[in-house]
Amino acid sequence: MDLPHVSAALGVIHPICVARGRNAEVWDEAGQRYIDFIGGIGVLNLGHCHPAVVDAVHSQVGTLMHSAFNAVPHRGYLEVVEALNQFVPVSYPLSCMLTNSGAEATENALKVARGVTGRQAVIAFDDAFHGRTLAALNLNGKVKPYKSGLGALPGPVYHLPFPSRDSGVTAEQALTALERLFEVEIPADEVASIIVEPIQGEGGFRLLCPQFAKALRGVCDKQNILLICDEIQSGFGRTGQRFGFTHLGIEPDLLLMGKSMAAGLPLAALVGRSELMDALPKGALGGTYSGNAVACAAALAVMDVMQEEALTAWSNAQEAAIVSAYQRWQASERFPMLGAMTGIGAMRGIVFEDTDNATGAEHLANLLVAGRDAGVLLMPSGRKRNVLRLLPPLTTEPDIMAEGLGLIEQALETLKA
């Protein structure tokens, strides 16, 4: 596919041009149909063009398209932050700011952490992904392609191993690394915040060890360090809960969200304890487009649709379908490149291992092409890009889900062990 006037630095996984979509199905400009297991990289938990969102957007466009909230507030922004106060499952009242993207939410979280604590250092994790803006880049837990050739980035930032049943790193190993960091690299009283994904996205759909999460919460409390949970990809129902941190038995001080928040319109948020979010001087937070009125209307519709019972039912059904298919593929012993399954709920990854004929990354790259040729769109993840991440809409119809999994199996048949 020719991409005239588009920067060559933008990576494109699938060289097709999508023209329209409905729930988990999309059609390209040539009319070819695909089942979408990418979902805008986690943006479309409610699928393409969810009717409730479409209706809300149509209504809002005819009323008010935008008002810069810092200059003249509008009701949609106020209603979204009030809805978030009810939607986010924490025991404290929230104070919120809306942003345009997850990366922008990340940057503002770092700003709040610095302003509140008077410290600068941040601790992040191996294989993390928090955005592509400069400060967010330095939090990311791998160099290529995000940090290559850019020189010194805003910091200081320190990285720890990510403890997970999916990574092979134990809670004890990660806590030992944290203790060493405080003893050798930087004292705890110079650390402003620790940022972590409860379930890593780009890192390969790996669930943070709950034991470690509770210990980390204790360290942050003891050392007056802010705990930031990045739920930009894992939030808004992806794991069967509204947010992934509930699987860990902790509450963050600051929470990042985005992607599926507005079902395809650009909207994200930084929310947290009011004593933290309200501590910076007036005017320190904001943005011209932040909390756009049309995106706010979409977000209100999303939160209205995403009731707890629906999220649980959708996630359970999707998890059962994916796990059953994976177990069937493994039991057949026809696909030796298939490794472990990662993740939780409907946020699932499949590791591709090296074989005699190809690396895991090569196998997965071949699968993406074979899958597209068969009619299903897939996406890689992981440091080595050898983890298939599955992000079909939570609302995918059971027959479409079964068809998509069948197309993946068809594509697996083309791989040479």
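Reply: What follows covers the pocket, then aromatic pairs, then one serine. The model is predicted, and the values below are computed from it.

The largest pocket has a volume of about 1500 Å³. Sorted by type, the lining has 27 nonpolar, 13 polar and 8 charged residues. Helix H1 (39-42), helix H4 (102-117) and strand S14 (379-381) each contribute at least two residues to it. The most comes from H1, with 3 residues.

Turning to the aromatic side chains, the structure contains 8 aromatic pairs. In one of them, Phe125 with Phe212, the ring centres are 5.9 Å apart and the planes stand at 90°, so this pair is edge-to-face. It joins distant parts of the chain, since Phe125 belongs to strand S5 (residues 121-125) and Phe212 to helix H7 (residues 210-223), 87 residues apart. Phe125 and Phe212 are both buried. Separately, Phe87, Phe236, Phe243 and Phe245 make up one aromatic cluster.

The serine is Ser164, in the loop between strand S6 (157-160) and helix H6 (171-185). Ser164 has a relative accessible area of 5%, under the 20% limit, and is therefore buried. A polar atom of the Ser164 side chain lies 2.6 Å from the backbone oxygen of Leu207. Apart from neighbours within four places in sequence, Ser164 is in contact with Val169, Arg206, Leu207 and Cys209.

How values were computed. Residues numbered from 1 in each chain as written. Predicted model: local features only at pLDDT ≥ 70, side-chain atom pairs only at ≥ 80, totals over all residues. Heavy atoms only, no water. Helix = DSSP H or I, 4+ residues; strand = E, 2+ residues; numbered from the N terminus. Buried < 20%, exposed > 50% of the residue type's maximum accessible area, 1.4 Å probe, protein only. Polar contact = N/O pair within 3.5 Å; in protein donor to acceptor, adjacent residues only side chain to side chain. Contact = heavy atoms within 4.5 Å. 1 Å grid on protein atoms, 1.4 Å probe; cavity = no way out; pocket = protein on both sides within 12 Å on 5 of 7 lines; lining within 4 Å. Points joined across faces, edges and corners; volume = space filled by probe spheres on them. Nonpolar A, V, L, I, M, F, W, Y, C, P; charged D, E, K, R; others polar. Phe/Tyr/Trp six-rings, centres within 6.5 Å; stacked < 30°, edge-to-face > 60°.
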